[in-house]
Amino acid sequence: MVVAITGASAGIGRALAVELSKRGARLALAARRTDKLNELNHELGGRHLVVPCDVADADACAAFVTQTYNYFGVLDTLVCNAGYGLLRTVVETTPAEWQAIIATNVYGTTNCIRAAVPLMLKQELRDRWRGQIMIVSSCLARRSGPDAGAYSATKAAQLSIAEALRLELDEQQIAVTSVHPIGTLSDFFDQAEARSGRKARRSVGEPTQTPEQVSIRMVRGIEQPCVEVWPYAMSRWVFGAATLFPKLTDGMVKRRWQRGVL
Ligand SMILES: NC(=O)c1ccc[n+]([C@@H]2O[C@H](COP(=O)([O-])OP(=O)(O)OC[C@H]3O[C@@H](n4cnc5c(N)ncnc54)[C@H](OP(=O)(O)O)[C@@H]3O)[C@@H](O)[C@H]2O)c1
């Protein structure tokens, strides 16, 4: 299989690359920190393609996808994983911060997809599918909370994009999968805290997963394309129920927020 991964230099994207490489997949690895990508490629035997790419740049997204296809002659799965978090109230979030987070988390997803789908449409069916688009969203796509408005909005946008795209591409047999991790022990929170100049509030005993745990569930979603991957199984039900009982959920989130430790 050929899998193209954005945000492969760290965290979930990196762990996914390691898992897929172990299983024999050929990979195209994209991110801004090419030194990290080259190190990873070296660690994985040097047989993958490294592409410098800032996903906030539409041309760079198109170039990444095209280069992958031209190099391998096929693109089985595109994983739109690159993204970052921001800790801000909605009112504090500046226009520039909104633009920047949407450019990376949302347009970084749509611009890679726009480049990939026409190429996947040219491919023969393989195990029922011509290709797969996997979008790394978040559990927060279904329910936001304080200081997470802008970030969750981008993750909800990714979920809506996945839902629409899945039905739009169903007849053409391109699978679309969204991924909804809970708090994952990557660089994500350090990066968000540094960018925001504030600490994330985390509750004592709050469940977390490692990037490796998340990536193993993603690999299953690539081997057998499914609609949604919820790497922490219980969160699917908790966040699903939250959409049915918004007032009750507000109360629970508020209490958790007040108990939150800095
Ligand atoms: N960690 C969590 O708790 C959590 C929970 C739910 C969902 N997620 C989602 O999972 C995805 C991966 O996050 P992570 O936890 O692995 O975070 P991470 O360890 O901070 O890694 C983020 C990755 O995204 C890349 N990236 C960021 N901005 C980019 C840009 N403009 N262009 C290209 N690459 C960019 C980074 O590479 P460079 O800096 O080298 O460009 C890095 O490889 C994100 O979409 C995040 O929203 C994370």
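Helices (H or I, at least four residues) and strands (E, at least two) are DSSP runs, numbered from the N terminus. By that rule, K36 lies in helix 2 (residues 34-43), and the secondary structure of the protein comes to nine helices and seven strands. This is a predicted model, in which local features need pLDDT of at least 70 and side-chain atom pairs count only at pLDDT 80 or more, while totals for chains, interfaces and linings use all residues. Residues are numbered from 1 along each chain as its sequence is written, and side-chain values use heavy atoms, with hydrogens and water left out.

**Overall dimensions**

- The protein has a radius of gyration of 18 Å, which agrees with the value near 18 Å for a compact globule of 262 residues; the radius is taken over C-alpha atoms, and the globule rule is 2.2 Å times the number of residues to the power 0.38.
- Along the principal axes, the C-alpha atoms fill a box of roughly 55 × 40 × 35 Å.
- Of the 262 residues, 50% count as buried (buried is under 20% relative accessible area, exposed over 50%, partly exposed in between, with a 1.4 Å probe and protein chains only).
- Among contacts (heavy atoms within 4.5 Å) with a separation of 6 or more, residues 24 or more positions apart account for 68%.

**Helix 3 against helix 4**

- The axes of helix 3 (residues 58-72) and helix 4 (residues 95-121) come within 8 Å and cross at roughly 35°; axes are lines fitted to C-alpha atoms, for helices over the stretch in contact, and angles run from 0 to 180 degrees between N-to-C directions.
- The crossing is right-handed, a term for the near helix being turned clockwise from the far one by less than a right angle.
- Helix 3 contributes A58, C61, A62, V65, T66 and Y69 to the contact, and helix 4 contributes G108, N111, C112, A115, A116 and L119.
- By class, this contact has nine nonpolar, three polar and no charged residues (Ala, Val, Leu, Ile, Met, Phe, Trp, Tyr, Cys and Pro count as nonpolar, Asp, Glu, Lys and Arg as charged, and the others, Gly among them, as polar).

**Buried polar and charged side chains**

- S178 is in strand 6 (residues 174-179) and counts as buried because its relative accessibility is 1%.
- The side chains of S178 and H180 make a polar contact at 2.7 Å (a pair of N or O atoms within 3.5 Å; within protein, one must be able to donate a hydrogen and the other to accept it, and residues adjacent in sequence count only if both atoms are side-chain atoms).
- Not counting residues up to four places away in sequence, S178 touches I135, L159, A162, V227, E228 and V229.
- E193, in helix 6 (residues 188-196), is buried, with a relative accessible area of 17%.
- A polar atom of the E193 side chain lies 2.9 Å from the backbone nitrogen of A200.
- Leaving aside neighbours within four places in sequence, E193 is in contact with L87, R198, K199 and A200.

**Exposed and partly exposed positions**

- K36 is partly exposed at 34% relative accessible area; its C-alpha atom is 7.8 Å from that of A10, 26 residues apart along the chain.
- W237, in helix 8 (residues 233-244), is exposed at 61%.
- The C-alpha atoms of W237 and L87, 150 residues apart along the chain, are separated by 25 Å.

**Positive phi in a loop**

- D127 lies in the loop between helix 4 and strand 5 (131-136), and R128 lies in the loop between helix 4 and strand 5.
- D127 has a positive phi of about 50° although it is not a glycine, and D127 is exposed at 70% relative accessible area.
- R128, not a glycine, has a positive phi of about 80° and is exposed at 53%.
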